[in-house]
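Look at the sequence and the structure before reading on.

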Amino acid sequence: MADERLHADKQPHAPAGAPLLDAAYGHDPVGLVMNIQSYSTKDGPGIRSTVFMVGCNLRCLWCSNPESMYPGKKVMYHANLCHRCGACAQHARPASCITVAEDGCTIDRGNIENLFELPDVCNFDAYELKGREMRASEVASKLLRDKAFYETSGGGVTFSGGECLMQADFVRAVAERLHAEGIQIALDTAGLWDYDRMRPVLDLADLVLYDIKAWDPEIHRRCTGQGNARILENARRLAADGHELIVRLVVVPGYNDERGDVERRLDFISSLGSAVRQVDVLKYHKLGLGKYRDLGLEYPIPDVPEPTDQDVQWILDYGRELGLTMTVSG
């Protein structure tokens, strides 16, 4: 899969002429933000805003957000919006990198030199730029506009991704500004990071949404490209330090739904004690399939069926027998 050809700039950089310091907080870092979703009810309690950061150090086969998983800015091509006018092909360098047909445009993403110019060329929004460089102060100001909704609903702001802690300095800078205004902070993370290095931003989190994708390290590596020893150890440390956790278990048929492995995951979660607020069972879905297509990527597991509520009922039952509060979605 040609994932590393999706982007041009891997690191966010400051806009030309932008100040490096914020008067109230000093350093005002730049982050690469995919999207800020307002009025979310699925990323923690109450009404929330979710800040989706770009970049992840896992490559989950079932990821539904490839635009956030892979590094850098990206351009999506939406064939359903394309009028086949040929403006993009005329503008492309080299011109042979885009061909126009009845079913839409074919883009040679590996060789086109000016992909990021195409959103401005297309009059029909068929090309969409994904990823925006933003200052911490800018993001915080935007999020604070919904402060009244957070306060009345018991909500707040969730940082997600990708893996939001790959841009930990930026997340910390935004979280500090929000905390000063009494806004609750949640981190949605897969846990593959150095705990001591992340402690300054972890200490700002009122809640951690924590993904545990498999128990067996080989299953985890086959599904995500990485082992899970550090992920499990970080979960233990979060619990020991008194962080409140909502643990998330994605269930993908044929990949990480083997009964013994799921039971071991739940046994482990139970061992974390009162730190665990609840366990969310997330049924695999194919909602990301169109995103892969629009990025010119092959979807990794097209033939995997979506599980039903009945398929995962035994997981809920086993968790409840352990005394865990269980939910299901997807």
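How many aromatic pairs does the structure hold? In this predicted model, the number of aromatic pairs is five. Two of them are set out below.

| Pair | Centre to centre | Angle between planes | Arrangement |
|---|---|---|---|
| Y77 and Y127 | 5.2 Å | 45 degrees | tilted |
| W193 and Y195 | 6.2 Å | 35 degrees | tilted |

Why are these pairs called tilted? Planes under 30 degrees apart count as stacked and those over 60 as edge-to-face, so a pair with any other angle is tilted. The angle of 35 degrees between W193 and Y195 puts that pair in the tilted group. Both W193 and Y195 are buried.

**Nonpolar cores**

In soluble globular proteins, nonpolar side chains tend to be buried together. Here, the largest nonpolar core contains 81 residues. F159, L266 and I269 have the most contacts inside this core. Its main contributor is helix α6 (residues 168–179), which gives seven residues. Another core, of 16 residues, lies apart from the largest one, and its members include C82, I107, I112 and A126.

What does I269 touch, if residues up to four places away in sequence are not counted? The list is I212, V247, L249, V276, V279 and L324.

**One face of a helix**

Helix α4 covers residues 136–144, and its buried residues are A136, S137, V139, A140 and L143. Seen down the axis of α4, these buried residues fall within an arc of 160 degrees, so they line one face of the helix.

**Cysteines**

A search of the whole structure finds zero disulfides. For C82, the nearest cysteine sulfur belongs to C105 and is 4.0 Å away. A disulfide needs two cysteine sulfur atoms within 2.5 Å, and C82 is in none. Is C82 buried or exposed? Its relative accessibility is 13%, so C82 counts as buried.

C164 is in no disulfide either, and the nearest cysteine sulfur, that of C56, is 9.8 Å away. With a relative accessibility of 0%, C164 also counts as buried.

Technical notes: Residues are numbered from 1 along each chain as its sequence is written. This is a predicted model: local features need pLDDT of at least 70, side-chain atom pairs count only at pLDDT 80 or more; totals for chains, interfaces and linings use all residues. Side-chain values use heavy atoms; hydrogens and water are left out. A nonpolar core is a set of buried Ala, Val, Leu, Ile, Met, Phe, Trp, Tyr and Cys residues joined through side-chain atoms within 4.5 Å. Buried means under 20% relative accessible area, exposed over 50%, partly exposed in between (1.4 Å probe, protein chains only). Helices (H or I, at least four residues) and strands (E, at least two) are DSSP runs, numbered from the N terminus. Contact means heavy atoms within 4.5 Å. Rings of Phe, Tyr and Trp (its six-membered ring) pair if their centres lie within 6.5 Å; planes under 30 degrees apart count as stacked, over 60 as edge-to-face and the rest as tilted. The arc is that of the directions from the helix axis to the C-beta atoms.
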